[in-house]
Amino acid sequence: MEMMLRNMFQALGKSRSANRLAKKYGLRFGAARFVAGETIKQSIDAVRALNADGRIATLDHLGEFVFSEAEARESADMCIQTLDAIATSGVKSNLSLKMTSLGLDISKELCMSNMRRILDRARQYGNFVRIDMEDYAHCQISLDIYRELRQEYDNVGIVIQAYLYRTVQDIEDLNTLKANLRLVKGAYKESPQVAFPEKKDVDDNYKKIIEMHLLNGNYTAVASHDEAIINYTKQLVKAKGIAKDRFEFQMLYGICEELQKQLVAEGYRVRVYVPYGVDWFGYFMRRLAERPANVWFVLKNMFK
Ligand code: FDA
């Protein structure tokens, strides 16, 4: 049953018509728990509230299904406006983005030119941009683009997913770039040909890459709500004498709030991933697929 729900949410998240329909009706079905709002102003207000209790943020303008050059440029413009809003409001946040929304599926050149516009603006403000990692089909091209951009920019980082078999090798390769990485378990439905099917193997690989990247001396964002992973990281940094400014914990907006606050109280850097925008449906479906128990939460909200 759980697997069926997972597959259903994954499929719905990819459906263009479901996304279009959802967009028409605005943030519904409890999506507001996971998505900060539809406008830049709402997202900045959400970040301000997080900053008030010591949490920092990374803002993500949600944009899925980009098919034309004009849509890709528009999406890059939204990223730039987000950076402008962060700077003018003075909130503590950087930016996360998905390269498919900048035209990655149209051409590498288009995506790179949009990335450069965004990175130039971020550099002007002394801000940082994180490239989210999407499904396996986009993994190699995303890493190739990151490598090229990293030669020109210090203010760019990427995400690595623990569920992929290739990941340990990627961590070794990225060490030569002193890459600033966000390490995650991985959110997409992947084939056992490329990704560990068993949770235990994913968790073991996750611990391994956290240790490798930290011991290589690279800035590491451990993005997980899993207390076992968080405790493992705490023990590791303590045992190896790694300073608290060499890593951060990251969690998603609306998930494990108490744990986020507790880590701040313990003196750790905690960054919350704050998504916003009218294209909220795909993101919302990925969160439901991760934890089908959230369905009850959705059902309750449907009748409010
Ligand atoms: P796990 O799935 O084992 O969950 C541990 C516990 O966390 C659960 O028992 C539950 O209590 C809570 N939890 C987890 N997910 C929840 C949810 N949706 N709703 C409610 N509670 C939940 N993935 C990717 O492929 N590319 C990317 O770029 C990113 N970026 C990213 C940024 C940040 C800041 C985070 C925190 C995560 C991502 N992810 C991601 C998603 C990631 O790959 C993974 O799917 C989720 O974080 C869930 O895995 P956990 O490590 O939290 O552990």
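Visitor: How many residues of domain 1 are in contact with residues of domain 2?
Guide: Keep in mind that this is a predicted model. On the domain 2 side, 16 residues take part. On the domain 1 side, the number in contact is 15.

Visitor: Are α1 and α11 roughly parallel or roughly antiparallel?
Guide: Helix α1 covers residues 2-14, and its axis lies 8 Å from that of α11. The angle between them is about 170 degrees. Anything over 145 degrees counts as roughly antiparallel. That makes the pair α1 and α11 roughly antiparallel.

Visitor: Which residues of α11 make that contact with α1?
Guide: From α1 come Arg6, Phe9, Gln10, Leu12 and Gly13. The contact of α1 with α11 has five nonpolar, three polar and two charged residues. The α11 partners are Gly282, Met285, Arg286, Leu288 and Ala289.

Visitor: Which domains does the shell around the ligand draw on?
Guide: There are 23 residues around the ligand, and Asp132, Val184, Ala187, Ser224 and His225 come nearest. By class, the shell has eleven nonpolar, six polar and six charged residues. At least three residues come from each of domain 1 and domain 2.

Visitor: And which element gives the most to that shell?
Guide: Three elements each supply at least two residues: β4 (156-161), β7 (247-252) and α11 (281-290). For the shell around the ligand, though, the top contributor, with three residues, is β7.

Visitor: What about α8 and α9: is the crossing left-handed or right-handed?
Guide: Helix α8 spans residues 199-215 and helix α9 spans residues 227-240, with axes 11 Å apart and an angle of about 30 degrees. That makes α8 roughly parallel to α9. As α8 passes α9, the crossing is right-handed.

Visitor: How many charged residues are in the contact of α8 with α9?
Guide: On α8, the residues are Asp203, Tyr206, Lys207, Ile210, Glu211, Leu214 and Leu215. They meet Ile229, Tyr232, Thr233, Leu236, Val237 and Lys240 in α9. The contact has eight nonpolar residues and one polar residue, and its charged residues number four.

Visitor: Are α7 and α8 roughly parallel or roughly antiparallel?
Guide: The axes of α7 (residues 167-175) and α8 come within 10 Å and cross at roughly 10 degrees. Angles under 35 degrees count as roughly parallel. The two helices, α7 and α8, are therefore roughly parallel.

Visitor: Last one: which residues of α7 make the contact with α8?
Guide: On the α8 side you'll find Asn205, Lys208, Ile209, Met212 and His213. The contact has four nonpolar residues, three polar and one charged. From α7 come Thr167, Val168 and Ile171.

Definitions and conventions. Residues are numbered from 1 along each chain as its sequence is written. This is a predicted model: local features need pLDDT of at least 70, side-chain atom pairs count only at pLDDT 80 or more; totals for chains, interfaces and linings use all residues. A residue is near a molecule or strand if its C-beta atom, placed from the backbone, lies within 6 Å of it. Helices (H or I, at least four residues) and strands (E, at least two) are DSSP runs, numbered from the N terminus. Ala, Val, Leu, Ile, Met, Phe, Trp, Tyr, Cys and Pro count as nonpolar, Asp, Glu, Lys and Arg as charged, and the others, Gly among them, as polar. Domain bounds come from an automatic or database domain assignment. Axes are lines fitted to C-alpha atoms, for helices over the stretch in contact, and angles run from 0 to 180 degrees between N-to-C directions. Angles under 35 degrees count as roughly parallel, over 145 as roughly antiparallel, 65 to 115 as roughly perpendicular and the rest as oblique. A crossing is left-handed if the near helix is turned anticlockwise from the far one by less than a right angle, and right-handed if clockwise. Two residues are in contact if their C-beta atoms, placed from the backbone, lie within 7 Å.
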